[in-house]
Amino acid sequence: MLFDLFRKKKKLSPERPVPTHIAIVMDGNGRWAKKRGLPRQAGHKVGAEAFRTIANYAKSIGLKYLTVYAFSTENWKRPEEEVNAIMELLEKYLREAIRDMEKNRVRFCFFGDLSRLSPQLQEEAREAVERSAKYEGVQVNFCLNYGGRAEVVRAAQRFAQACVEGKCKPEELTERMLSDLMYSQNVPDPELVIRPGGELRTSNFLLWQSAYAEYYFTDVLWPEFGPEELEKAIAAYNSRKRRFGGV
Ligand code: IPE
Ligand code: IPE
Ligand code: MG
């Protein structure tokens, strides 16, 4: 309802095609805070709000899958104080976001190795997945302690294990089978990967899945990334010609 009003006010086109799967690197929180003379944590807090708004908006425009990069396998390199603050925020905001999204019937999924997270966060994640499994509409894949390379290694290990157990042979491995061993099992590849925050790199996000994704980069920092920015990215995507190696 709110977003319908937003769309009318901002003259966004409800008729434009929307991709099935959009993935976003939620980057720029620290710089957003620094620009305002605030601690980096303040940026993560507003970033968490931005996520909530975008996830609900995604549902309102009929997106099927939204994958967001929240914490990478490399982000543990940050000062302990920042990592702790992010984890605390995740506990608080994830709980609130899940409650909010339950109202909107958003299905939750997590990509990444959750075993390194606090037992409380692991429990929250498990509960969110379980409680929202029945919802249809949009599925949010929340990437936590996620790394594209770690995901490929994990898939390779799982396949090797199946070979050891005599369930398959190395030469039988196909792209399809490897896809099914990723966290993104059953999720179609993203057509559009968005990176706010001004950096022109993937930072280990969905390496396998984004082989043919269209990228959209913007200098807008994640805490300022709202529905209008998402619409700009979708419009850019709709203006592209995808060839998949053909002519
Ligand atoms: C993204 O924002 C959030 C995480 C990686 C956890 P950053 O914290 O990377 O913000 P910048 O890039 O320093 O501005
Ligand atoms: C990517 O952002 C990870 C997330 C947004 C979760 P980073 O801020 O960690 O990436 P780099 O360090 O600029 O490559
Ligand atoms: Mg960053």
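This briefing covers the surroundings of two ligands in a predicted model. Local features need pLDDT of at least 70, side-chain atom pairs count only at pLDDT 80 or more, and totals for chains, interfaces and linings use all residues. Residues are numbered from 1 along each chain as its sequence is written, chains are lettered from A and ligands numbered from 1 in the order written, and side-chain values use heavy atoms, without hydrogens and water.

**Ligand 1**
- Ligand 1 is surrounded by 13 residues (a heavy atom within 4 Å).
- The closest are D27, G30, R31, R40 and R78.
- That shell holds 3 nonpolar, 5 polar and 5 charged residues (Ala, Val, Leu, Ile, Met, Phe, Trp, Tyr, Cys and Pro are nonpolar; Asp, Glu, Lys and Arg charged; the others, Gly among them, polar).
- Helix α2 (29–35) gives the largest share, 3 residues (helices are DSSP runs of H or I, at least four residues; strands are E, at least two).
- An oxygen atom of ligand 1 is 2.9 Å from a side-chain N or O atom of D27.
- A backbone N or O atom of R31 lies 2.7 Å from a ligand 1 oxygen atom.
- The protein covers 87% of the 380 Å² of accessible area that ligand 1 has on its own (Shrake-Rupley, 1.4 Å probe).

**Ligand 2**
- Residues around ligand 2 include D27, R78, R195 and R201.
- Strand β2 (residues 65–72) gives the most to this shell, 3 residues.
- A polar side-chain atom of R201 lies 2.8 Å from an oxygen atom of ligand 2.
- The side chain of D27 has an N or O atom 3.1 Å from a ligand 2 oxygen atom.
- Alone, ligand 2 exposes 390 Å², and the protein buries 79% of that.

How values were computed: Polar contact = N/O pair within 3.5 Å; in protein donor to acceptor, adjacent residues only side chain to side chain.
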